[in-house]
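Dear colleague,

Please find the structure below. My notes on it follow.

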Amino acid sequence: MTHIKLTAKDGSPVEFIKKDPMQGGVKDVYWHPQKQYVVAFFRKKLDIAGKDRIEKLVGTYRERIFGLAGGEYWKKIFCWPEKIVEHEGLTGIIVPKYEECYFFAKGTSLEGAEKEGKWFASPKNFNRFVPPEEKGDLIGYMRICLSLARGTRRLHLAGLSHSDLSYKNCLVDPKGGNACIIDIDGLVVPGLFPPDVVGTPDFIAPEVMQTLSLPLNDTNRKLPSRLTDLHALPVLIYQYLFHRHPLRGSKVWDMDSDKQEKLEMGEKALFIEHPTDGTNRRKVENGEDKLLPWINTAKIPYTIAGPYLKALFDTAFIEGLHNPAKRPSADEWEAAVVKTMDMIQPCQNKSCPKKWFVFDNKSKPVCPYCGTPFKGVLPVLDFYSDPMGKGKYRPDNHRLMVFDGVSLYKWHSDRNVFPSEKVSAADSKRVGYFRFWKGKWMLVNEGLPTMKNITAGKEIPIGQGVDLTDGLQLLLSNEPTGRIVNIQIVNG
Amino acid sequence: MRRLPIYLLIDTSGSMRGEPIVAVRSGLQSLLASLKQNPYALETVALSIITFDGEVKNLVPLTALEDFQIPYIDAPETGATNLGEALEMLLQKYDTEIVKTTPDRKGDWLPFTVVMTDGKPSDTLMFKNMCEKIKRYKFARVVACAAGPKAKTEPLQQFADDVFTLDTMDSSTFSKFWQWVSTIVSQQSQNVDSTQKDELPPPPEEIKLVL
């Protein structure tokens, strides 16, 4: 055991204990003596390009993401290398330690282990090994998906691609709804730094898999890029929502397991829930009861994620699977998750494993996870806005399913506000809330100065409420970007 | 559920008696403990232990990691090193325990095997035959380790993909070896479905690769 003290390239002191490194794929990782951070050394000497890449990541790219307004927000989403050291000819990076929420809690069967995404992505791990108190609910997974889509969107906006997005490189905390992208040092700058990995099995895009055997400099060889991130991202989202892989079905393409893998993830890749081609459906084999219900796509179909995510899964896994240019962008995923979160209802079964479900607009809605039917009266708000400013309000394809205590925000009342890291503190205050009171649904205005009941032709001042009835129309704001809502009352 | 079968072939000949066998026991314990914290291993790994001295025993048949109980491993007072017979049993188990892929069902992943011995095979004819026979079987990888000063590496090179040596047979070296095996197994379970054979993670100083 040796206590090593070094000076980082930026002149600051760095210390670590050189003993029993944790071994990653390409790095040996050592702890700071008081475990304030880790120092990760690349096992192989980096060449000039490799060093240049690390320097840009720690320098320019880090500043570009963290130095701007909203920079603090990204510290939660990315575990980004902060400093560079050289020691005995090897290059090391200083990486913040992971937040406490990314370790399984004390007293659980996996106490102390990292909450690597893999624990929650596979049906066996999720059902059998994740401690019950760490399983989280649907809202937790939706928030994880939101963070991953946001993080990917931010990298792409900065001109970077992750190139190895996978459950190995993201930590997730379903209990608290947190996610963090780690192992950022492999980031790819298109045109400047080529990727040094092909990716992680399960996440390698079909076009990369198909051209794996071509030499690196062959122009037909496809390498990880922004477009392959846009394959890996929906694979991750799908896995966190359904605890199964979207392409690993039961179809045997070749008796040889290596060839099978190449075909299944490459040339022959086929969505297990393809609506018209059932070739690769996941069969439930003998002895697989412990993987239920997740591997039963008839019981837990991807459509339970609601219309916005369903549409994107269709584009990603059907149209865009072998046509990378068609894949939805990270901001489309982000927007779809945001809209979906407005459609979530609490399950009325107190012991429901997912506690919430995406309300599917059917007249007899049932929680897909536990089968409990929804009972009661539920207002559904459809949003309209007037993008041309000509008094013609058009549907925004966004709806809010109300439940008791749900809040209304500026991003509902104003079409120019989108809930992201850029929303100001003022704009993220709630502007209204819904209550079920004395047998009636009511919306109370808390922060909408120009709210109006269109149906009755009456202003609704701040501090007052309005009873919600079927067909009621409300103007939330008379600003040009303000929205109108139309209310439907659904009886369950 | 596709499994990643791991066969551990452990020498229990007379010379392993004492500290070496005790070290093997605690090494197995830490191997299991570490794999049981690994989501990739838990998802796919199934383990089997075959011991060999004058007699070859399938101490534990192929069992899913989460259900695996460490058996009591002992070494007799004296005894030969019937590695050939052990390999014969390995191939028998390969034929009977591993689920093969059929046109309508995916089978297990290719098995991974670790062989550890502190001597040289006593059943030379059988050993020679098995070295021939094993070539007809597909493994993800066969790693062999020659432990201690008397172990011979040449025979191991005839059937293993990678051969390593342990200079000493004390418990600290053994524990490092099993830790390293757990790293290899973890890596294998992450990349079961990879189309390229990855480099093995570098062994600790006490373990040397035979080129």
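In chain A, the axes of helix 5 (residues 138-157) and helix 10 (residues 330-341) come within 8 Å and cross at roughly 155°. Helices here are DSSP runs (H or I, at least four residues), numbered from the N terminus; axes are lines fitted to C-alpha atoms over the stretch in contact, with angles from 0 to 180 degrees between N-to-C directions. Helix 5 and helix 10 of chain A are therefore roughly antiparallel to each other, a term for angles over 145 degrees. Their contact involves, among others, Met142(A) and Leu146(A) of helix 5 and Trp333(A) and Val337(A) of helix 10; two residues are in contact if their C-beta atoms, placed from the backbone, lie within 7 Å.

This is a predicted model, in which local features need pLDDT of at least 70 and side-chain atom pairs count only at pLDDT 80 or more, while totals for chains, interfaces and linings use all residues. Residues are numbered from 1 along each chain as its sequence is written, and chains are lettered from A and ligands numbered from 1 in the order in which they are written.

Chain A also touches chain B: 24 residues from chain A and 21 residues from chain B take part. On the side of chain A, helix 8 gives the largest share, five residues.

Finally, the domain assignment, which is automatic or from a database, divides chain A into domain 1 (1-97), domain 2 (102-342) and domain 3 (376-491). The centres of domain 1 and domain 3 of chain A, taken over C-alpha atoms, are separated by 47 Å.

Yours sincerely

How values were computed
Helices (H or I, at least four residues) and strands (E, at least two) are DSSP runs, numbered from the N terminus. Angles under 35 degrees count as roughly parallel, over 145 as roughly antiparallel, 65 to 115 as roughly perpendicular and the rest as oblique.
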